[in-house]
Amino acid sequence: MLPASECGALTRHLLEAVALSKRFAVRGRVLHAVDTITLRVMRGETLGLVGESGCGKSTLGRCLLRLQNPSDGAIIFDGIDITHLSMRAMRALRPRMQMVFQDPYGSLNPRRRVGDLIAEPLRVHADDGRRRDAAAIADRIGALVDLVGLKREHLQRYPHEFSGGQRQRIGIARALALDPDLVVADEPVSALDVSVQAQVINLMMDLQERLGLTYVFIAHDLAVVRQIATRIAVMYLGSVVEIGPTADVFASPLHPYTAALLEAVPKLAASHTGKTPMGGDVPSPIDPPTGCRFHPRCGRAQLRCKEERPPLAPLAGIRQVACHFPL
């Protein structure tokens, strides 16, 4: 664990990952899902995690909540090093850190009524100083469905009776049941229609303002992230290659990979920018390239990029980029 004095200095940040890594054994080889990531999440902000499928976003999100144990590094939550806390010690912190899962069809038990699904966290943590009788639980889950825009008569129905957007609202209500400080949302709108996506995003933004929530919002859709995120962390092959305020990253990306992602976003009016599109496929995390992980696909790569891995370093004030030759 980190020293108590060092942890105390970090309390202005709600969450921090320090050189965090997660490895998996795959057929006798090692898959680097998350590779030495350091980042901070400020209180009340939304940090968007973006990148191509398979880059390690969801694994990082689960590690931040200790739903998966990291292989190396440290996780600091509100000044507490939770990296190696026991399950009993983590239980006391669970109400403060919750998750909204990607699939609203698979994350809700189809055999339980909505009221029971939302009430479950309240009952599980009833012995943690959260004594609630049946009437108090009923009042709380009624207030939660009101909060997420559902009706109280919905509490007696089963998940299959709802649309995808309504199911995700149920998942959000369940995540908010214990008044968390931090919510990690793992691609919460990717399985929804575009019109429904906007409704759920607007709901989450409204809840953040009303409840003072802090979000880590995982997505591959840059348009969605642009709408909700305060800052963006761009991931590539298990590593963060750029972090910065959302408006700045969209206006002037520093890493060639970020620029390529933005260039790939469909536009209403086609225009030729003169930029070379990103080529090739994402390398295997089991056998990543030497040096900069992006160099095989980068039109700016030089010999140094192949030999030396660039650190994530401050650039242009509050921005960070892992590139020897940033834009």
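Start with isoleucine 118. Beyond its neighbours within four places in sequence, it is in contact with Ile141, Leu144, Val145, Leu155, Ile170, Ala173, Arg174 and Ala177. Contact here is heavy atoms within 4.5 Å. This is a predicted model, where local features need pLDDT of at least 70, side-chain atom pairs count only at pLDDT 80 or more, and totals for chains, interfaces and linings use all residues. Residues are numbered from 1 along each chain as its sequence is written, and side-chain values use heavy atoms, with hydrogens and water left out.

Now the cores. The largest nonpolar core has 55 residues. Ile118, Ile172, Leu176, Met204, Leu207 and Phe217 touch the most other members. A core is a set of buried Ala, Val, Leu, Ile, Met, Phe, Trp, Tyr and Cys residues joined through side-chain atoms within 4.5 Å. Buried means under 20% relative accessible area (1.4 Å probe, protein chains only). Another core lies apart, with 31 residues, including Leu15 and Val216.

Next, the helices, which are DSSP runs of H or I, at least four residues, numbered from the N terminus. H4 (residues 114-124) packs on H6 (residues 164-176) at about 30°, axes 7 Å apart. So H4 is roughly parallel to H6, the term for angles under 35 degrees. Axes are lines fitted to C-alpha atoms over the stretch in contact, and angles run from 0 to 180 degrees between N-to-C directions. Val114, Leu117, Ile118 and Pro121 of H4 meet Ile170, Ala173 and Arg174 of H6.

Last, H2 (residues 57-64). Six of its eight residues are buried, so H2 is largely enclosed by the rest of the structure. Just after H2, arginine 66 has a positive phi of about 60°.

Terms used: Helices (H or I, at least four residues) and strands (E, at least two) are DSSP runs, numbered from the N terminus. Angles under 35 degrees count as roughly parallel, over 145 as roughly antiparallel, 65 to 115 as roughly perpendicular and the rest as oblique. Buried means under 20% relative accessible area, exposed over 50%, partly exposed in between (1.4 Å probe, protein chains only).
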